[in-house]
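Dear colleague,

I am handing over the structure below, together with an account of what was found in it. Please read the notes alongside the sequence and the coordinates.

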Amino acid sequence: MAAMGKHVVAAIDIGGTFIKGALVDLSADGAIIWSESTPSHAAEGWEKVVEATVSFSRQVLAAAAAHGGRADLLAASVLGIFDEERGVAVTAANIDWRDLPLQDLLSERLGVPVVASHDSIAGLAEAVFGVGRGARTVMTTAFGTGIAGSLVYNGVPYRGAHFMALEIGHLAVPGFTERCGCGGIGHLEAVASAGSIGRRYRIAAGEPAESGSDSRRVLELATAGDELASRIWEGAMDAIGFSFMQCVTLLDPDVIVLAGGLAKAGEPLRSAIESRLQSARSFQRLPEVLISTLGDQAGVVGAAIAAARKAG
Ligand SMILES: [Zn+2]
């Protein structure tokens, strides 16, 4: 393959189940020119996750060298709470690390600079190369097992004092009593994540709590007129609409990007949320509500943008 040069960045995305790796061409709208993934071994403890990350990152850097990209820099997106100033993995729901200096550790083991970001860096990809492109204030919400949020203003992610800003999933929604993974009651994540919509329906329908109908199935059933499924789906949409209206009032975004597994529902999800915002607004100007087109590549692309900016 022809030499690609400095604008092709090696990036990894450490998740609870898989570590994704990719070569991201920042001169071609963040196009992925190579990708691979490997299990993260989260259940076996953080040492195993670090081992898996190091050996997989070597593969990704070797691919960068083979494709004529940068083999002298690794971009990383890290799940959970991540302190980007110190490069420290603070906590994660599925990995037992605590205040682990992951960035330095990886850099020492790999022999190249590593620029690691909180996984909300996916929102930067939406703002730079995705449907948020050209907008000044881009709020992204990813609905998966949990709910993650981010805000990019003038091309820069807003982090907060402790890298905990935009934890939209932990906004409390009146009228709901579900317990959240964080211990709180009635949090959006416990009601309206893809995982929660499936689980709430399964429990209400008497299916096993851990497997059976998922959020996609709940939407299908609701569309077909199933009363129970409609109640769960519409309740989740109400909860999202309520929470987003709070965000709109506070942040006045130009665009809200819907991402994560639930966003695969597409238009029914988008229009359900948009109509809630329309009926809840008083003086507020509403943002455009759009479905992500980057999908699960947003993490590696966002990490690559952040790393290239930092490394220069
Ligand atoms: Zn919570």
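Strand β1 (residues 8–14) and β4 run parallel and are joined by five bridges. Please bear in mind that this is a predicted model.

Two positions illustrate the pairing of these strands. A10 stands opposite L74 in β4, and D13 has S77 of β4 as its bridge partner. On β4 there is a further pairing, with strand β7 (residues 114–118), again in the parallel sense and over five bridges. There, L74 has V114 in β7 as its bridge partner.

How much of strand β4 is buried? Strand β4 (residues 74–78) is mostly covered, and five of its five residues are buried. L74, A76 and V78 point one way from the strand, while A75 and S77 point the other way, and all are buried.

These strands belong to an open sheet of five strands with mixed pairing, in the order β3-β2-β1-β4-β7. Its edge strands are β3 and β7, each of which pairs on one side only. On average, and with direction ignored, neighbouring strands of this sheet are turned by 20° against each other.

Two helices lie across this sheet. Helix α1 (residues 46–66) lies across β1, β2, β3 and β4 and runs at about 160° to β1. Helix α9 (residues 298–311) lies across β1, β2, β4 and β7, and its angle to β1 is about 125°.

D29 is placed in the loop between β2 (18–25) and β3 (31–39). Phi of D29 is near 60°, a positive value in a residue other than glycine. D29 counts as partly exposed because it has 13 C-beta neighbours inside 10 Å.

I turn now to another sheet. Five strands form an open sheet in the order β10-β9-β8-β11-β12, and the pairing is mixed. β10 (156–157) and β12 (288–291) stand at the edges with a single partner strand each, so one side of each is left without a neighbour in the sheet. Within the sheet, strand β8 (residues 137–143) and strand β11 (residues 255–259) pair in the parallel sense over five bridges. A142 stands opposite A259 in β11.

The loop between β9 (147–153) and β10 holds N154. Although N154 is not a glycine, it has a positive phi of about 50°. N154 is exposed, because 9 other C-beta atoms lie within 10 Å, and the cut-off for an exposed residue is 12 or fewer.

Helix α8 connects this sheet to a helix pair. α8 lies across β11 and β12 and runs at about 165° to β12. How do α7 and α8 cross, and at what angle? The axes of helix α7 (residues 227–251) and helix α8 (residues 267–280) come within 9 Å and cross at roughly 55°. That angle makes α7 oblique to α8. The crossing of the two helices, α7 and α8, is right-handed. From α7, the residues M237, D238, I240, G241, F244, M245 and V248 meet A272, I273, R276, L277 and A280 in α8. By class, this contact of α7 with α8 has nine nonpolar, one polar and two charged residues.

G123 lies in helix α3 (residues 122–128). Is G123 buried or exposed? G123 counts as buried, because it has 31 C-beta neighbours inside 10 Å. Leaving aside its neighbours within four places in sequence, G123 is in contact with V138, T140, S150, V152, P157 and G302. The C-alpha atoms of G123 and V156 are separated by 10.0 Å, and the two residues are 33 residues apart along the chain.

With kind regards

How values were computed
Residues numbered from 1 in each chain as written. Predicted model: local features only at pLDDT ≥ 70, side-chain atom pairs only at ≥ 80, totals over all residues. Axes fitted to C-alpha atoms, helices over the stretch in contact; angles between N-to-C directions. Helix = DSSP H or I, 4+ residues; strand = E, 2+ residues; numbered from the N terminus. Parallel < 35°, antiparallel > 145°, perpendicular 65-115°, else oblique. Left-handed = near helix turned anticlockwise from the far one by under 90°. Contact = placed C-beta atoms within 7 Å. Nonpolar A, V, L, I, M, F, W, Y, C, P; charged D, E, K, R; others polar. Pairing = 2+ DSSP bridges. Buried ≥ 20, exposed ≤ 12 C-beta atoms within 10 Å, placed from the backbone.
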